[in-house]
Structure formats: C-alpha cells, structure tokens
Amino acid sequence: DVFVGILCAVAIFLLSYKGYDRLDNITSNAAGVFALCIAFFPTSSNTDILCSILQLSDNEVRIYAHFISAALFFCTLAFISIFLFTKSSGHKTPEKIMRNKVFRMCGVVILVSIFLIFLTDNVSWLANKLTKYNPVFWLEWCALAAFGISWLTKGELLLADKPQK
C-alpha cells in the first residue's frame, strides 16, 4: 500500500511538472500516466503475505496492462535521467558535470533493476530461489529511489552550483 501511494504521488509530480521544453513535458506526462496505470491495474499475485489483503481473480488484460505500464514507466524514468536531465545550455559548471554523472548512474540503476526484474520473473530456477525475498518489489523500490535521487539532483538539492563571486 505504501509503495502504491508513493507511486501515485510520483505520478502527480510527473503530471504537474512543466519541463524546459515540449519533450520534457511529453515525457514526464507519459511517465505519470504509466505510474497511475501501474497502481490502477494491479497484478493478481497474492502469494506474498503483504499483498494478500486484496484478492483479485486472474485477468490477462489487467496483468498485461500492469507489466507493460511498469516497463514503460521505468524505461521513461531512465530516459529522463540519462538524456533529459543531462541537457544544458552553455558552460557546464563542475557541479553540473558531477550532476550529469549522478543522472547517468541513476538511469543505469533503473535499467539494471528492470533487467533483473525480467530475469527474476522469467528464469524459473532463479524465480524459485528468490521468491521468498520478493525481489520484484525491492528492485522496483531501487529503481524508484534511483529516480528520486536523480530528481533531487536535478532540483539542485544535491550538488547545487556554487554561487558566482
């Protein structure tokens, strides 16, 4: 429930964010819609005790909508971190160069998390060994936290430019 709530909050931030140009706006709006779709189209997996409050019957359309939305959401966040947040006009300060490294690292963490989620869901022997640790949940948290770090860095809460003298 906490993760879904945070996902909805992230969606609202992304939908209300007005970027520097049209691509920023389209990309952040798309990510916001994908985040809402993840929350509103849950999977039917009730094997985890933490998720057994809601009993859903199997529905392929809902399940596929969830997984496709999740993949598009996290890929969009990685795109924003790697390509949009690293844009700049003019001279790059030493702090901006460092922020760009953070953006790229966060984007890579998101992509690696997506890949590991795919592996844990599709490689049966791996899924059997890791199921009790709920790897998908933790990898989703990692990806979302990486984007949070990227977002805070973009807002210069982290690695802000030093004032000019």
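1. Second largest pocket. In this predicted model, the second largest pocket has 17 lining residues. Those nearest its centre are K87, S88, S89, K96 and K154. The pocket holds about 310 Å³ of space.

2. Make-up of that pocket. Sorted by class, eight charged, five nonpolar and four polar residues line the second largest pocket. Helix α4, residues 94–122, gives the largest share of this lining, with three residues.

3. Cavity. One cavity of 30 Å³ or more is present in the structure. The space in the largest cavity comes to about 40 Å³. Its lining consists of L14, Y17, D24, S28, I80, L84, F85, F147 and W151.

4. Seven nonpolar residues line the largest cavity, along with one polar and one charged residue. D24 and S28 are among the lining residues, as are the aromatic side chains of Y17, F85, F147 and W151.

5. Surface patch. A nonpolar patch on the surface is formed by M98, I149, L152, L157, L158 and L159. Together these residues have about 530 Å² of accessible area.

6. L152. This patch member sits in helix α6. Is L152 buried, exposed or partly exposed? L152 counts as partly exposed because its relative accessibility is 40%, and the partly exposed class lies between under 20% for buried and over 50% for exposed.

Key. Residues are numbered from 1 along each chain as its sequence is written. This is a predicted model: local features need pLDDT of at least 70, side-chain atom pairs count only at pLDDT 80 or more; totals for chains, interfaces and linings use all residues. Side-chain values use heavy atoms; hydrogens and water are left out. On a 1 Å grid over the protein atoms alone, a cavity is a set of points where a 1.4 Å probe fits but cannot get out, and a pocket is an open set with protein on both sides within 12 Å along at least five of seven lines; lining residues have an atom within 4 Å of a point. Grid points are joined across faces, edges and corners, and a volume is the space filled by probe spheres set on the points. Ala, Val, Leu, Ile, Met, Phe, Trp, Tyr, Cys and Pro count as nonpolar, Asp, Glu, Lys and Arg as charged, and the others, Gly among them, as polar. Patches are made of residues with over 30% relative accessible area and no salt bridge: like charges are joined within 9 Å, nonpolar side chains (Val, Leu, Ile, Met, Phe, Trp, Tyr) within 5 Å. Accessible areas come from the Shrake-Rupley method with a 1.4 Å probe; for residues, only the protein chains shown count as cover. A salt bridge is a side-chain nitrogen of Lys or Arg within 4 Å of a carboxyl oxygen of Asp or Glu. Helices (H or I, at least four residues) and strands (E, at least two) are DSSP runs, numbered from the N terminus. Buried means under 20% relative accessible area, exposed over 50%, partly exposed in between (1.4 Å probe, protein chains only).
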